Amino acid sequence: MSLAVLYSRALSGIQAPLVTVETHIANGLPSFTIVGLPDTEVKESKDRVRSALQNAQFKIPPQRITVNLAPADLPKESGRFDLPIALGILAATGQIPSDRLDQYEWAGELALTGELRPIHGALAMTYNASQSGRSFVLPQQNAAEAALVNNATIYGAQSLLQICAHLTGQTPLPIYRNGAGNATGKQNVSYPDLDDVKGQAHAKRALEIAAAGGHSLLMIGPPGTGKSMLANRFPGILPPMTEVEALESAAIQSLAFGSFNIENWKKRPYRAPHHTASGVALVGGGSHPRPGEISLAMHGVLFLDELAEFDRKVLEVLREPLESGKITISRAARQAEFPAQFQLIAAMNPCMCGYLGHPSGRCHCTPDQIARYRGRISGPLLDRIDMQIEVPAVPQQELMKQQVAAEKSSTIRQRVEKAHQLQLDRQGKTNSSLSVKEIDQLCALDSASENLLKQAINRLNLSARAYHRILKLARTIADLAGSGTITNQHIAEAIQYRRLDKQ
């Protein structure tokens, strides 16, 4: 047989489209050609494959070898195609049987000795490949993360010779199970506890509402009031991740970092980029698009400390992802779409010196300076942040006394889980994701609540977006209280969380 066909996967954003690796051996002068829009790393595969086959004591035919990576218009990059190319040559020359090749998908980079080296994006490829019904063969180092996909059949191999022994039936490869079984059963994920934070009952209440309804939150306060501590402990009160959420989050991290640490399975991501981060770092990019911080925080928390110190153009790129939950990166030759379903928690000082409203009276900023400082955050971006609260300085006597009765994160999380499940049972998603029609249906108000909200709209000059966000917040507050209807108390509390609308 002079033609062999195998299957592998490319990476395009978070997707892993199928690649058919066709290998043809023909008469003619000895040559080795790879076609199908290969990148430099793929073009170099012919040298790695040639050396690996020779060192594994296989024969390379002195003929014309042509490898086609289809579809031809899909860019191919990295060394993951080394393994299917090598197997294609062996199958086309009859050195290994080809009758079972179509039962598998293959990915792996070859060392010159024939050993298999790990690849990046293994989990993203396996996640997509599991729908095809084929097994997946890849390097042993990637098997643990690939096996996190429950319905996938994974084989991990250390060398090309092991795979050939498997295909000939001499030494079958075992299905990889250990890493995935332990990881998927792991439920006890540890986070910092909220009882470490003294005082700030109002801020803790806001965090509870944000966690229950999936709302974004901005905390404003002087330095040292606990804003960063509160944000760092926020993942600990979020509902546990589902299998699908954990898999989507892990696939993004595998794509970005090359591999996924299974110790972090079902642990909510917490990303806190420095305020000098660029727009590309935040939303992703590059000639071969890679996910940014908003995608790495998938189903987790994106914490932006010192929000006003970020470049304004950088912050503006958050506007569309906050609304749509995804980001599309367009380049001259490529376009990629990444999911960006994250919860934004931000913190900033109230003025340039940071001490506006501090009991010490240290602030000497003029109203014009304060307005300019806060003006670094655009109105459209603020409008998209559901909750804006003040985090004042903790009184000295409260700070110095021993804290004995503070509520633990586990207790708050129980209430959050109950409200979260109520939302899923009622509408299949969190309150923050409600559409306008769903808001009209699920957030109906009585006359007292409606009058209160009308007064707030007139006095605060609320936009239509702010109006809908107040209704979503009120719905979450009602869910936490176990109330089927929204009352004026719920509306009043929701209005309090639009702090900057009162400026």
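How many bridges join strand 1 to strand 2 (residues 18-26)? Seven, and the two strands run antiparallel.

1. Basis. This is a predicted model; local features need pLDDT of at least 70, side-chain atom pairs count only at pLDDT 80 or more, and totals for chains, interfaces and linings use all residues. Residues are numbered from 1 along each chain as its sequence is written, and side-chain values use heavy atoms, with hydrogens and water left out.

2. Strands are DSSP runs (E, at least two residues), numbered from the N terminus; two of them pair if DSSP finds at least two bridges between them. Arg9 has Leu18 of strand 2 as its bridge partner.

3. Helix packing. Helix 18 (residues 409-427) and helix 21 (residues 464-480) have axes that come within 9 Å and cross at roughly 115°. Helices are DSSP runs too (H or I, at least four residues). Axes are lines fitted to C-alpha atoms over the stretch in contact, with angles from 0 to 180 degrees between N-to-C directions. Helix 18 passes helix 21 in a right-handed crossing, that is, the near helix is turned clockwise from the far one by less than a right angle.

4. Helix contact. Contact means heavy atoms within 4.5 Å. Helix 18 contributes Arg415, Val416, Ala419, Leu422, Gln423 and Arg426; helix 21 contributes Arg475, Thr476, Asp479 and Leu480. These residues divide into four nonpolar, two polar and four charged. Here Ala, Val, Leu, Ile, Met, Phe, Trp, Tyr, Cys and Pro count as nonpolar, Asp, Glu, Lys and Arg as charged, and the others, Gly among them, as polar.

5. Aromatic cluster. Tyr104, Trp106 and Tyr155 form one aromatic cluster. Rings of Phe, Tyr and Trp (its six-membered ring) pair with centres within 6.5 Å; planes under 30 degrees apart are stacked, over 60 edge-to-face, the rest tilted. Tyr104 and Trp106 are tilted, because their centres are 5.2 Å apart and their planes at 45°. Both are buried (under 20% relative accessible area; exposed is over 50%, partly exposed in between; 1.4 Å probe, protein chains only).

6. A stacked pair. Tyr270 and Phe303 stack at 6.3 Å centre to centre, with 20° between the planes. Tyr270 lies in strand 11 (residues 270-271) and Phe303 in strand 14 (residues 301-304), so the pair ties together parts 33 residues apart in sequence. Tyr270 is partly exposed at 26% relative accessibility, whereas Phe303 is buried at 4%.
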